[in-house]
There are 2 protein chains.
Amino acid sequence: MDKRITLRHGDGGLQTNKLIRNIFYKHFDNEILTGYQDSAIFQMEAGRLAYTTDSFVVKPIFFPGGDIGKLAVCGTVNDLAAAGAVPLYLSAGFVIEEGFEIEKLDMIAKSMSDICKKVGAKIVAGDTKVVEKGLVDGVYINTSGIGRVHEFFNPRHITSGDEIILTGTIGEHGTTILLERNDLRLQGDFKSDCNPLSEIIYELGDSIKYVKLMRDPTRGGVANALCEISESHNIGAIIEEEKLQIRSAVKSVHELLGTDPLYFASEGRMILVVEKGFGTNILNMINTLDNCHNSRIIGKFDKSYSKVCLRTSLGGERILTMLENQMISRIC
Amino acid sequence: MDKRITLRHGDGGLQTNKLIRNIFYKHFDNEILTGYQDSAIFQMEAGRLAYTTDSFVVKPIFFPGGDIGKLAVCGTVNDLAAAGAVPLYLSAGFVIEEGFEIEKLDMIAKSMSDICKKVGAKIVAGDTKVVEKGLVDGVYINTSGIGRVHEFFNPRHITSGDEIILTGTIGEHGTTILLERNDLRLQGDFKSDCNPLSEIIYELGDSIKYVKLMRDPTRGGVANALCEISESHNIGAIIEEEKLQIRSAVKSVHELLGTDPLYFASEGRMILVVEKGFGTNILNMINTLDNCHNSRIIGKFDKSYSKVCLRTSLGGERILTMLENQMISRIC
């Protein structure tokens with residue numbers, strides 16, 4: 001087998017077929033993804049489906065805690081989870097740079113397959129394009145996904161008193177990419193939090209009826225996600241800074257750089273807005289999960305605020321505004 | 001509004017939201033694609049679904065007969081059609097180069113919307129990423145799509161005597177891109193055949209039961225598509241060269257360049273393999289359609305051949321082999 005990707009791997013002919021068989025079919029093998037057909041066909045029961053897409057252009061493509069493949073599948077799986085859905089079928093479109101090492105592509109495909117197995121999803125449709133050297137940094141991946149929405153999940157308008165749960169520490173993915181990109185060798189165990197969150201949907205079961213909205217705080221971080229929710233539901237919120245968990249190494253980096261971890265992406269955390277009075281119940285359920293054991297109620301929506309406010313540890317209040325200018329691009 | 005894309009349009013903050021509202025929501029407006037949610041949610045009846053994805057990296061992004069947006073939606077719609085499905089929901093992921101003109105993005109989004117309206121599909125999920133100047137040539141688009149498979153479509157094993165219909169002239173998309181790319185100013189009306197083909201599924205109705213397989217001959221053209229079908233069904237075929245329709249301007253280009261239009265992509269044609277004896281019936285139905293009025297039976301599968309053979313106008317026979325090396329990359 002060739003060691004590196006050539007333009008011929010993208011022309012739709014023999015080389016493309018070989019690449020698809022040797023890498024993608026090997027890792028994504030399932031009964032639907034077979035043959036030369038351009039569409040997957042499967043039977044679907046009646047019900048509500050969730051459907052999402054994301055393109056991934058992260059730089060670097062391998063980073064502590066993951067790679068672009070893991071990130072792509074987790075991103076799509078978590079977008080589905082935010083819609084109250086468990087993932088069923090995924091698609092994967094690769095745009096690969098001429099000269100890219102096929103061994104790396106193999107590692108990326110394996111990462112994708114590993115997460116799929118973990119969450120019970122299947123990659124059933126794919127596409128491979130190759131572009132000339134210098135365009136794209138190695139590989140870009142688009143994933144889309146179809147999930148089944150839990151029958152009891154009913155996204156509703158947020159009202160005053162609804163509680164806000166965050167399922168763990170913040171800003172780890174964005175901070176890790178920032179450090180990797182700038183080749184900063186700081187002390188501390190920096191690692192992306194990139195992880196799939198479908199377990200939330202499975203764990204909540206019928207109790208998902210108390211969840212009014214979910215959102216994974218990726219680009220723009222927890223602050224931006226809360227601002228968007230606040231704006232679209234036309235209600236302010238109050239967040240307790242002391243409830244926010246930031247790993248000390250992450251905190252140090254941001255103190256050093258003068259940046260705000262609240263605006264840095266997580267790729268394995270979920271914000272849940274829970275009906276007033278049910279926050280603790282929901283918290284106790286998801287706190288048992290592998291990727292959510294640091295969940296906390298971080299605040300609540302409150303009609304006496306018109307914006308998202310952060311009550312600082314010192315007792316002051318600071319308005320969180322929508323992200324205006326991220327200092328780092330291509331974090332996902 | 002800004003005139004050009006900046007990295008800030010891809011950071012997930014205010015600028016991203018503005019761009020999405022001003023361009024994508026404006027053109028793709030529908031009741032499912034709204035709000036800040038990362039997943040679309042919709043009700044689906046029980047049945048067979050088709051699901052497909054393609055990434056588009058065509059260069060140039062505007063060409064006679066279309067642009068990358070039209071190409072992306074047609075590509076996905078036609079992959080669904082090849083699975084016997086009418087398109088319902090599409091996703092669109094954009095990777096945009098810093099500095100790209102927003103006006104061009106607007107034109108591309110409009111092209112996508114126009115085709116969606118024509119075929120009754122909706123773009124319900126999207127994503128926008130921005131990469132630094134010099135990466136990607138303007139914009140790459142990934143589309144995925146979900147369609148409903150016609151209840152009477154039943155892909156089956158091909159047997160000897162099954163007839164092969166091609167819905168029009170060949171190689172026009174690939175040839176047009178080749179000329180544009182090399183800035184060859186040749187006489188003749190060169191234009192991509194890029195067009196949506198869902199009308200075939202609607203027109204055939206229950207008669208689709210006589211269709212054993214469909215394939216749109218994109219990358220690798222008609223020859224490669226037939227070779228793939230032949231290989232996966234383990235049966236040869238005989239194609240009559242005189243039944244193949246090649247526009248004279250296209251023919252002249254390939255005579256000049258010594259290339260074979262049979263390996264050049266179409267983006268608005270379909271190959272239908274029809275049960276022996278029903279070819280003429282099916283042909284008469286689809287010949288009435290806007291994008292299929294030059295349909296012909298071009299040959300048949302035949303167990304006395306082990307490969308795909310072309311019977312030339314002079315009476316000789318030539319084996320068509322799988323594409324080994326396309327002379328032009330990034331045609332879609």
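In the predicted model, chain B is superposed on chain A by a rotation of 180° with 0.0 Å of shift along its axis, at an RMSD of 0.0 Å. The two copies are thus related as by a two-fold rotation axis. The contact residues follow this arrangement, in that 100% of those of chain B recur in chain A, and the same surface therefore serves both copies. Among the residues of chain B, the one that comes closest to the rotation axis is B:A46, whose C-alpha lies at 2.0 Å.

The model holds 4 cavities of 30 Å³ or more, and the largest cavity contains about 100 Å³ of space. Its lining is formed by 14 residues, with A:S55, A:V95, B:S55, B:V95 and B:N142 lying nearest the centre. Two or more lining residues are given by each of β2 (47-56), β5 (85-97) and β7 (139-149) of chain A, and likewise by β2 (47-56), β5 (85-97) and β7 (139-149) of chain B. In terms of residue class, the lining of the largest cavity comprises 8 nonpolar and 6 polar residues, with no charged residues.

Within chain A, the axes of helix α2 (residues 68-82) and helix α3 (residues 102-119) come within 7 Å and cross at roughly 30°, and the crossing of α2(A) and α3(A) is right-handed. To this contact α2(A) brings A:I68, A:G69, A:K70, A:V73, A:C74 and A:V77, while α3(A) brings A:I108, A:S111, A:M112, A:I115, A:C116 and A:V119. The contact of α2(A) with α3(A) has, by class, 9 nonpolar, 2 polar and 1 charged residues.

Methods: Residues are numbered from 1 along each chain as its sequence is written. Chains are lettered from A and ligands numbered from 1 in the order in which they are written. This is a predicted model: local features need pLDDT of at least 70, side-chain atom pairs count only at pLDDT 80 or more; totals for chains, interfaces and linings use all residues. Side-chain values use heavy atoms; hydrogens and water are left out. On a 1 Å grid over the protein atoms alone, a cavity is a set of points where a 1.4 Å probe fits but cannot get out, and a pocket is an open set with protein on both sides within 12 Å along at least five of seven lines; lining residues have an atom within 4 Å of a point. Grid points are joined across faces, edges and corners, and a volume is the space filled by probe spheres set on the points. Helices (H or I, at least four residues) and strands (E, at least two) are DSSP runs, numbered from the N terminus. Ala, Val, Leu, Ile, Met, Phe, Trp, Tyr, Cys and Pro count as nonpolar, Asp, Glu, Lys and Arg as charged, and the others, Gly among them, as polar. Copies are superposed by least squares on the C-alpha atoms of residues with pLDDT of at least 70 in both. Contact means heavy atoms within 4.5 Å. Axes are lines fitted to C-alpha atoms, for helices over the stretch in contact, and angles run from 0 to 180 degrees between N-to-C directions. A crossing is left-handed if the near helix is turned anticlockwise from the far one by less than a right angle, and right-handed if clockwise.
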